[in-house]
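Please read the points below with the model open. They take the ligand site first, then the core, then some individual residues.

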Amino acid sequence: MQEHVYFIEGDGIGPEVFAAARPVIDAAVAKAYADSRKLKWIELLAGEKAHAATGEYLPQATLNTLQQAELALKGPLATPVGKGFRSLNVTLRQTLDLYACIRPIRYFQGVASPVKRPELVNMVVFRENTEDVYAGIEWAAGSPEAARLIAFLRDEMHAVVDPSAAIGIKPMTAKGSKRLVRRSITFALDQGRSSVTLVHKGNIMKFTEGGFRSWGYAVAAQEFAEQTVTETEQDAAPGKLVIKDRIADAMFQEVLLRPEQYDVIATSNLNGDYLSDALAAQVGGLGLAPGVNMSDTLAFFEATHGTAPGIAGKDLANPGSLILCGAMLLDHIGWHEAADMIHTAMHKTIAARSVTQDLATQIPGACAVGCRQFGELIAQHLA
Ligand code: NAI
């Protein structure tokens, strides 16, 4: 069996973290399945490499291929500042309708963390990626557009807004919320997880955030009635997936105080942005955090860090995020044995305290190794 994986190396540290990560992913597949399963890697151009070859940062050919693809993996892409470029990442997300941003957050023993029991954190955040205040509909304070909208709100809707205000719009739909929650529930069921928590600020924004909550419960009740229960029903139906909800501000306390009670989290765009970074910090930072952006057809895995221009080309970068993206990809296609091997090897390598510089400075007694060598050590720990 062969799965096609399209890949974009990315800019800055992208090529070196890719060169370190890909052999680990291939070695895990070979170790788990000998020759019976293989990944076939096909490169696509984007970023600086694409610009050098074609004059464009995001060639149409790359987008066309991704529109037909099912699996892709990318390194970080630089956003050229002040040259009138939109972020390539945002363009990719919008053009390919990558509506679900998924970030697993787990702790690796030995990594420095600001909390007492980081090992209790094992969550997967599903963040809606296309709606909410990120839709980019806003007008500056004092602009004619803001004045017009404020006048409309006053005259037609009887809503009083300070005339000097900047104005933003927060659109959230049943369709957008439901497809995200549907995806999170499907994932939780596939992976044998215990709960999905809908995180919202519906006590204040009743129709947008409150809508997310009620649309989420509606998906569970209408499409997964047999497999799910609400929190109040759970005692009567042990073993079923529990659907619960928390108000966003309370959730930030909950993940610090009672992380063991939370598993899969489904949330709107802005809440998800804050919560996934806060959770990553809780287990020791973004350096080891993988992620994926998904449409209905494409799972586009990406390192969550940037291009780190300060250390690019110096063999100092941590390839961990991309390696764990590879494990996520393998889980996604059902090659769980290979994915588990990568996680175990990562745990062992960090426990042996031979790690890249970013981790070595946080782990007492650790020895710093280069990007390539860290990948090699992880490959050696595959078993
Ligand atoms: P950054 O993540 O590149 O760097 C922040 C800090 O973390 C720096 O000190 C860097 O050296 C360090 N760092 C990042 N990744 C590391 C790794 N794998 N190993 C060791 N150290 C690492 O974020 P920054 O500086 O805000 O952005 C730089 C560029 O990356 C910008 O052009 C930005 O637009 C782009 N970017 C791209 C992303 C993507 O493609 N998904 C995500 C974030 C930023």
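**Notes on the predicted model**

1. A backbone N or O atom of N318 sits 2.8 Å from a nitrogen atom of the ligand. That falls within the limit for a polar contact, a pair of N or O atoms within 3.5 Å; within protein, one atom must be able to donate a hydrogen and the other to accept it, and residues adjacent in sequence count only if both atoms are side-chain atoms. The protein covers 59% of the 810 Å² of accessible area that the ligand has on its own; areas come from the Shrake-Rupley method with a 1.4 Å probe, and for residues only the protein chains shown count as cover.

2. Basis of the values. This is a predicted model, in which local features need pLDDT of at least 70 and side-chain atom pairs count only at pLDDT 80 or more, while totals for chains, interfaces and linings use all residues. Residues are numbered from 1 along each chain as its sequence is written, and side-chain values use heavy atoms, with hydrogens and water left out.

3. Rest of the ligand site. The ligand is surrounded by 19 residues, the closest being L77, N89, G306, A308 and N318; a residue is near the ligand if one of its heavy atoms lies within 4 Å of it. G306 places a backbone N or O atom 2.7 Å from a ligand oxygen atom. A polar backbone atom of A308 is likewise 2.7 Å from an oxygen atom of the ligand. The shell divides into nine nonpolar, seven polar and three charged residues. In this count Ala, Val, Leu, Ile, Met, Phe, Trp, Tyr, Cys and Pro are nonpolar, Asp, Glu, Lys and Arg are charged, and the others, Gly among them, are polar.

4. In soluble globular proteins, nonpolar side chains tend to be buried together. Here the largest nonpolar core has 87 residues, and those with the most contacts inside it are L39, L73, I185, L279, F301, L330 and M346. Helix α1 (residues 14-33) gives the largest share of this core, nine residues. Apart from this core lies another of 17 residues, among them Y57, L92, L96 and L298. A core is a set of buried Ala, Val, Leu, Ile, Met, Phe, Trp, Tyr and Cys residues joined through side-chain atoms within 4.5 Å. Buried means under 20% relative accessible area, exposed over 50% and partly exposed in between (1.4 Å probe, protein chains only).

5. Surroundings of L39. Beyond its neighbours within four places in sequence, L39 is in contact (heavy atoms within 4.5 Å) with E3, V5, I25, D26, V29, L329, L330, I333 and W335.

6. Strand β8. S195 belongs to strand β8 (residues 195-200); helices (H or I, at least four residues) and strands (E, at least two) are DSSP runs numbered from the N terminus. S195 counts as buried because its relative accessibility is 4%. Residues up to four places away in sequence aside, S195 touches L241, V242, K244, Q261, D263 and V264. V199 lies in strand β8 and is buried, with a relative accessible area of 1%. V199 and L275 are 76 residues apart in sequence, yet their C-alpha atoms are 9.6 Å apart. With neighbours within four places left out, the contacts of V199 include F212, R246, M251, I265 and L275.

7. The β5-β6 loop. T130 lies in the loop between β5 (122-128) and β6 (138-139) and is partly exposed at 29% relative accessibility. Its side chain makes a polar contact of 2.6 Å with the side chain of E128. Among the residues that T130 touches beyond four places in sequence are D97, R179 and N269. D132 is placed in the loop between β5 and β6. D132 counts as buried at 1% relative accessibility, and its phi is near 70 degrees, a positive value in a residue other than glycine.

8. D97. This residue lies in the loop between α4 (88-95) and β4 (100-106). Phi of D97 is near 50 degrees, a positive value in a residue other than glycine. D97 is partly exposed, at 33% relative accessibility. T130 and D97 are 33 residues apart in sequence and 7.6 Å apart from C-alpha to C-alpha.

9. E254. Helix α8 (residues 248-257) holds E254, which counts as buried at 12% relative accessibility. The side chains of E254 and Y262 make a polar contact of 2.5 Å.
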